[in-house]
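Open your viewer and get ready to select a few things in turn. At each stop, we will look at what is there.

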Amino acid sequence: MAVGKFITVEGTEGVGKSTNIAFIQSHLEKQGIELVISREPGGTPLAEQIRGLLLAKRSEPFDATAELLMVFAARAQHLNTIILPALNAGKWVLCDRFTDATYAYQGAGRGLSLATIATLESLVQGDWQPDLTVLLDIDVETGLQRATARAALDRFESEKIEFFERVRAGYKARLNARPEKFILIDAGRPLRDVQANIAIQLSGVLASWRDKYTVKNQ
Ligand code: Z5A
């Protein structure tokens, strides 16, 4: 049986990942693709507990290396108990954030060594990578306005604007290093335009994969 595809969705705060994951899910399911939706950090009960620790505001300063190790601990659990079994069963996995977020937040945002991140990535994933990453891009101020209007801010969302500028630049660096892996979407536009753009670009990628993926009842 063909293994499924692994698609990730990335971007800075308030960029509309949750909203557009629902749209991508509907787009893929209409093609008969069996899909697992998940997220990072999280995706399993244990990894969701780590997520809770990572996102909670606390008085004790959070050491950046401890944060990095917890992100990868959650990822190892998620990858080996949810993502890889689903892909090996021929399902596709659509995931809200993955390792590009670590390069952007812990690398560019916190200033941790990219070489250290690459070492942990290799430990957890080997050379395995997502098949496609949908990068939603928005200017930081607009994104933060959306996030603030939506709900109370968590520990990451409470960072200063300079942090999110570095994160955004970190994502752009990932895109520039491997553009063939990404779809870049201007997420600052009205939702209808954003989703029309996603549909066009995603359809192009699906067409290029057409003879290689598994659909229900095949
Ligand atoms: N993190 C990390 O540091 N390192 C890692 O390796 C990983 C993660 C994997 C939790 O992630 C945190 O973990 C994250 C980085 C860190 N930082 N934070 N915070 P998360 O992905 O769960 O958290 P999030 O960024 O807050 O994601 P979210 O909840 O999915 O929010 P969103 O992307 O902004 O999506 P949204 O809720 O769909 O959109 C926000 C609002 O904007 C909402 O009211 C929408 O209705 C609205 N919206 C969406 N699109 C539009 C358009 N086009 N126009 C107008 N309004 C819109």
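**First stop: a strand inside**

Select strand β3, residues 92-96: five of its five residues are buried, so the strand is largely enclosed by the rest of the structure. Buried here means under 20% relative accessible area, with exposed over 50% and partly exposed in between, using a 1.4 Å probe and protein chains only. Helices (H or I, at least four residues) and strands (E, at least two) are DSSP runs, numbered from the N terminus.

Before going on, a note on the model: it is predicted, so local features need pLDDT of at least 70 and side-chain atom pairs count only at pLDDT 80 or more, while totals for chains, interfaces and linings use all residues. Residues are numbered from 1 along each chain as its sequence is written, and side-chain values use heavy atoms, leaving out hydrogens and water.

Now show the side chains of β3. Which way do they point? W92, L94 and D96 point one way, V93 and C95 the other way, and all are buried. In a regular strand, side chains alternate between the two faces of the sheet.

**Next stop: the partners**

**Last stop: a helix residue**

Select Q106 in helix α4 (residues 99-109). Is Q106 buried or exposed? Q106 is buried, because its relative accessible area is 3%.
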